Amino acid sequence: MGNQSAKTSSKSFSNVSPNELAIIESTIHKSNDIKQNDVQKVWSEYITPTLLQNYSRFIFSRSPQNSPNLNLKSFTILLSELGRGSSDQQAAALYLILRSSEEVTAGDMEQYVIQLLQSCFKILEKKQNKSYLKWKKIAADSFDSDVSGVSSYLCQDLKRENNVISEDFIANWSAQCQMIHLLHSFVILHLYGLYQSQESSGQQMPFFLPNLKLLPGSENATSQLSLPGILFLNQLLPVEFQRDWRLLFSSNLHGESFSMMQKYVLEQGPSIIIVRDSDGHVFGGFANDSWRLGPKFYGDSSCFLFTLSPRFSVSRSTGYNSHYMYINTNQSTLPNGLGMGGQFDYWGLWIDSEFGVGACSNTCTTFDNYTCLSKDKNFHIASLEVWGVGIPPPTAAERGEREVGKSILDKDPTASSILEIAGKTRHSDGLRDRPDDEM
């Protein structure tokens with residue numbers, strides 16, 4: 001891997017097609033004799049000054065004999081190696097970008113990821129991305145701290161006693177960290193002017209931020225989620241749930257009532273619950289199925305719990321048990337409320353039916369790497385929101401269920417005519433459901 005760090009691999013240029021070279025040429029407005037000032041002028045609108053300096057230095061330090069100018073193909077080194085190279089090529093490129101002295105530390109990587117995240121949102125602002133603009137209006141004002149929080153979470157496996165990380169370790173880490181690939185792809189494709197061209201060519205691009213859908217009556221909603229928090233949670237979801245989010249319930253909007261929450265969240269498909277307790281901790285869980293009242297746990301191993309403040313963390317299934325989702329009310333012998341993980345009275349996350357209080361145990365066998373989500377085991381709810389994710393389930397009408405007071409013969413006159421032609425009696429005529437005011 002050391003040899004790759006010292007020189008450009010000719011194979012890497014095969015990652016860039018002639019058509020893409022033409023698009024890149026139009027972005028930079030020059031095909032030959034590309035100068036560092038040309039790059040900085042274009043890219044400064046998209047990425048932070050620190051990232052611009054690091055990327056520019058990387059590209060021009062790899063030029064033949066350290067020439068101040070580059071031809072078009074050589075200019076694509078950042079795209080071909082960091083954006084599309086093998087895991088070894090990506091690690092070698094990243095190592096050179098980060099290495100300001102003879103070694104790279106976990107702190108260097110954490111600062112780099114912060115710059116990468118900030119640049120992603122700078123690009124969304126520059127492009128006036130519709131999803132970004134909608135979320136920006138309602139998102140919590142904790143952008144800087146949450147960018148640092150996400151970076152710390154992504155880099156947690158890099159932290160070692162001596163804090164020094166090798167090129168090999170970067171390669172192993174980046175191979176496991178899917179969000180790093182998302183961030184690099186998003187930033188680098190935009191820098192080279194290729195993001196929209198790949199979208200228009202029909203390639204499936206990752207959902208950076210979900211489409212925000214506010215249902216009627218929710219137009220004035222605000223969220224406990226920051227923009228980095230939304231990105232973080234969305235990338236944890238199964239892909240089929242990343243495109244659309246819709247606000248189902250907000251205690252600030254709909255009132256502090258468990259029965260009201262039930263009304264809005266039952267039978268609404270997969271969802272994310274977010275709680276802010278009175279101590280300022282923000283945490284919650286992803287439920288992969290609709291919430292349905294019943295005496296038993298259900299759901300599957302795609303469910304998870306998480307924290308967003310004071311730190312970012314994720315607790316996924318251990319496979320030890322299937323106690324993922326539970327909700328019940330008006331029971332004398334069973335718990336009344338909503339729970340995820342653990343067991344009765346020892347919950348990973350519990351929202352009591354006496355709305356306003358909840359509990360999180362110190363341990364939870366259902367979810368791995370679990371620590372108590374709230375500051376204290378028993379907590380008071382400051383605010384709570386529930387987001388439906390993915391395509392909403394069909395309504396009763398869409399499922400073709402019979403409307404109250406109507407026979408199937410009312411909906412299908414042809415069926416009625418066939419019965420009459422066959423000489424059959426319409427027995428259901430006298431057995432229709434009566435309206436409520438006649439019961």
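**Briefing: strands, helices and burial in a predicted model**

Six bridges join strand S7 (residues 271-277) to strand S8 (residues 282-287), and the two run antiparallel. Two strands count as paired if DSSP finds at least two bridges between them. This is a predicted model: local features need pLDDT of at least 70, side-chain atom pairs count only at pLDDT 80 or more, and totals for chains, interfaces and linings use all residues. Residues are numbered from 1 along each chain as its sequence is written, and side-chain values use heavy atoms, with hydrogens and water left out.

**Whole chain**

- The chain has 19 helices and 15 strands. Helices (H or I, at least four residues) and strands (E, at least two) are DSSP runs, numbered from the N terminus.
- Of the chain's 439 residues, 49% count as buried. Buried means under 20% relative accessible area, exposed over 50%, and partly exposed in between (1.4 Å probe, protein chains only).
- Take contacts between residues at least 6 apart in sequence: 67% of them join residues at least 24 apart. Contact means heavy atoms within 4.5 Å.

- S7 is mostly covered, with six of its seven residues buried.
- Toward S8, Ile274 has Gly284 as its bridge partner.
- Four residues lie between the strands in the S7 and S8 hairpin, where Gly280 takes a positive phi near 90°.
- S7 also pairs with strand S15 (residues 378-389): seven bridges join them, and they run antiparallel.
- Toward S15, Ser271 has Gly388 as its bridge partner.

**Helices H3 and H4**

- Helix H3 (residues 36-43) packs with helix H4 (residues 49-61) at an angle of about 150°, their axes 11 Å apart. Axes are lines fitted to C-alpha atoms, for helices over the stretch in contact, and angles run from 0 to 180 degrees between N-to-C directions.
- H3 and H4 are therefore roughly antiparallel to each other; the cut-off for that term is over 145 degrees.
- Gln36, Val39, Gln40 and Trp43 in H3 meet residues of H4. Among them are Leu52, Tyr55, Ile59 and Phe60.

**Helix H14**

- Helix H14 (residues 227-236) is mostly covered: nine of its 10 residues are buried.
- The buried residues of H14 include Leu227, Pro228, Gly229, Phe232 and Asn234.

Notes: Parallel < 35°, antiparallel > 145°, perpendicular 65-115°, else oblique.
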